[in-house]
Amino acid sequence: MKIGVIGSGYVGLVAGACLADFGHEVTCMDSNAEKIEKLKKGEIPIYEPGLEDIVGRNHRSRRLLFTTDIESTVRGNDVIFIAVGTPPKEDGSADLAYVLAAASDIGNYIDSYKVIVTKSTVPVGTGRLVKETVAAKLAERGAKIEFDVVSNPEFLREGKSIHDFTHPDRIVIGCENAKSAEIMKKVYRVLYINNTPFIITNIETAEIIKYACNAFLAVKISFINEMALLAEKVGGNIQEISKAMGMDGRISPKFLHAGCGYGGSCFPKDTKAIESIAKKNGLDFLVVEAAIKANEIQKAKMVEKIQTAMGDLHGKTIAVLGLSFKPDTDDMREAPSLYIIPELIKSGAKIKAFCPQGMKESAWRLAAFKEALTYCDDSYDAAKESDALVILTEWNQFRGLDLEKMLGSMKDNYFFDFRNIYVSESSARHLFKYFPVGIAESAMPEVMY
């Protein structure tokens with residue numbers, strides 16, 4: 001099957017590469033000529049484990065092509081995926097300008113039956129708007145060409161997107177008829193014959209499923225973070241609380257890890273978007289609204305924890321490990337570091353930072369604070385002459401640090417482990433003034449057992 005993908009960003013590129021790996025002929029189109037030229041040369045614009053190999057392999061086999069030509073992308077393919085960005089507006093709602101522009105282009109160039117698929121995360125009603133936009137363009141042309149619109153939301157975790165696309169929990173297809181549903185089953189034939197569950201529903205239901213999933217996970221994270229704050233106050237251990245909760249089959253242990261707040265391209269944007277959708281429909285989403293507020297409070301509590309422990313931060317140097325919102329990605333959108341680092345600098349601290357992939361993006365996102373922010377070669381370089389060590393992202397390489405070596409070059413021994421990586425290691429507590437998240441001093445593992 002011939003498939004076109006409009007938008008070669010994170011979702012579009014991963015989807016296009018994986019669909020090509022399924023055996024389809026895929027054309028990834030993007031209006032950014034520089035990006036397309038880099039992709040043709042094998043240069044991947046984002047950091048995602050495994051993506052470079054899968055793109056290179058399929059590009060060499062000519063199953064995956066890159067272009068800036070929207071007309072040939074529309075005319076030359078049977079299924080057209082819309083995978084452009086839907087950035088948040090000031091009111092939190094999703095900006096559909098790029099989605100509707102893609103729909104307009106499709107309407108201008110469609111010349112035979114096509115299935116038009118919204119892959120971007122879009123609010124309820126977008127499928128209808130896409131259908132109306134394409135139909136309006138066809139009316140302007142005086143053309144009568146049949147087409148169908150399908151909602152096929154993505155559920156990709158950054159850092160694990162290749163696995164998530166090729167081994168999904170389910171495939172959600174929102175459509176209006178059996179014809180388009182059967183075509184989508186052919187698109188995902190590799191998964192269909194492997195008994196991956198397919199949810200065939202209407203377009204509106206499919207559109208809300210993605211928001212419902214992300215909002216629920218955000219609520220779960222904010223809930224456990226609030227429990228962590230309480231555990232610290234009353235002498236509890238959030239890791240033991242999470243473990244016990246996760247053993248309940250109704251709850252599950254996933255997304256029950258306390259930390260410094262969620263970030264990324266999905267949870268912050270999608271929670272605000274679904275809250276906006278609810279308000280437009282006369283509803284107050286109190287649970288989601290509380291999760292958003294709790295997440296902001298959690299980041300502020302981390303700054304407060306450092307200030308309370310260290311006192312006046314003027315003249316202090318703090319080593320920060322991890323800038324991206326999660327490990328195995330260079331994405332810093334809404335990362336806790338974007339709040340915590342500026343607040344520490346405003347309090348008078350100097351920051352020495354290291355992140356395996358996040359420093360390039362951090363350089364422009366935190367450009368306003370560059371005078372007080374130094375980027376380092378590695379974790380040990382960041383620790384030199386620092387008064388405190390703060391872990392914000394749980395990259396695997398931060399799990400095996402030589403703590404004695406770190407301490408040996410530091411001026412003081414504060415250690416703020418905001419991902420609870422070293423809770424079970426007594427050396428962290430013996431060498432440092434150690435501050436995890438959600439674990440009271442009296443409830444540390446070595447005290448309990």
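Lys-305 is buried, at 15% relative accessibility. Buried here means under 20% relative accessible area, exposed means over 50%, and partly exposed is in between, with a 1.4 Å probe and protein chains only. This is a predicted model, in which local features need pLDDT of at least 70, side-chain atom pairs count only at pLDDT 80 or more, and totals for chains, interfaces and linings use all residues. Residues are numbered from 1 along each chain as its sequence is written, and side-chain values use heavy atoms, with hydrogens and water left out.

**Salt bridges**

Lys-305 has a charged partner, Glu-232, in a salt bridge. The term covers a side-chain nitrogen of Lys or Arg within 4 Å of a carboxyl oxygen of Asp or Glu. Glu-232 sits in helix α10 (residues 203-234) and Lys-305 in helix α13 (residues 286-310). The two are 73 residues apart, and the pair links distant parts of the chain. Helices are DSSP runs of H or I with at least four residues, strands are runs of E with at least two, and both are numbered from the N terminus. Glu-232 is partly exposed, at 27% relative accessible area.

The whole structure holds 27 salt bridges. Among them are these pairs:

| Salt bridge | Distance, N to O |
|---|---|
| Glu-232 and Lys-305 | 2.8 Å |
| Lys-131 and Glu-176 | 3.0 Å |
| Arg-128 and Glu-132 | 3.5 Å |

Lys-131 lies in helix α6, while Glu-176 lies in the loop between β7 (171-174) and α8 (178-187), so this pair ties together parts 45 residues apart in sequence. Lys-131 is partly exposed, with a relative accessible area of 36%. Glu-176 is also partly exposed, at 48%.

Arg-128 and Glu-132 both belong to helix α6. They are 4 residues apart, about one turn of the helix. Arg-128 counts as partly exposed because its relative accessibility is 46%. Glu-132 is partly exposed at 42%.

Salt bridges also form a network, which links Glu-71, Arg-75, Asp-111 and Lys-114.

**A buried charge without a partner**

Asp-148 is buried yet has no salt bridge. Lys and Arg count as positive and Asp and Glu as negative, with His and the chain ends not counted. For Asp-148, the nearest side chain of opposite charge is Lys-179, 5.6 Å away. Asp-148 lies in strand β6 (residues 147-151). Beyond its neighbours within four places in sequence, Asp-148 is in contact with Tyr-113, Lys-114, Val-115, Ile-116, Asn-177 and Ser-180. Contact means heavy atoms within 4.5 Å.

**Helix packing**

Two packed helices are described by the angle between their axes and the distance between the axes. Axes are lines fitted to C-alpha atoms, for helices over the stretch in contact, and angles run from 0 to 180 degrees between N-to-C directions.

Helix α5 (residues 97-109) packs on helix α6 (residues 126-141) at about 35°, with axes 8 Å apart. On the α5 side the contact uses Val-99, Leu-100, Ala-103, Ser-104, Gly-107, Asn-108 and Tyr-109. On the α6 side it uses Thr-126, Leu-129, Val-130, Thr-133, Val-134, Lys-137, Leu-138 and Arg-141. These contact residues divide into 8 nonpolar, 5 polar and 2 charged. Ala, Val, Leu, Ile, Met, Phe, Trp, Tyr, Cys and Pro count as nonpolar, Asp, Glu, Lys and Arg as charged, and the others, Gly among them, as polar.

The axes of α13 and helix α14 (residues 337-346) come within 9 Å and cross at roughly 35°. From α13 the contact takes in Lys-299, Ala-300, Met-302, Val-303 and Ile-306. From α14 it takes in Tyr-339, Ile-340, Glu-343 and Leu-344. The count is 7 nonpolar, no polar and 2 charged.

**Two buried loop residues**

Leu-96 is placed in the loop between β4 (79-82) and α5. It is buried, at 13% relative accessibility. Leaving aside neighbours within four places in sequence, Leu-96 is in contact with Thr-86, Val-122, Pro-123, Thr-126 and Leu-129.

Met-332 is found in the loop between β9 (317-321) and α14. Its relative accessibility is 0%, so Met-332 counts as buried. Residues up to four places away in sequence aside, Met-332 touches Leu-323, Ser-324, Phe-325, Ser-337, Leu-338, Gly-358, Glu-361, Ser-362 and Arg-365.
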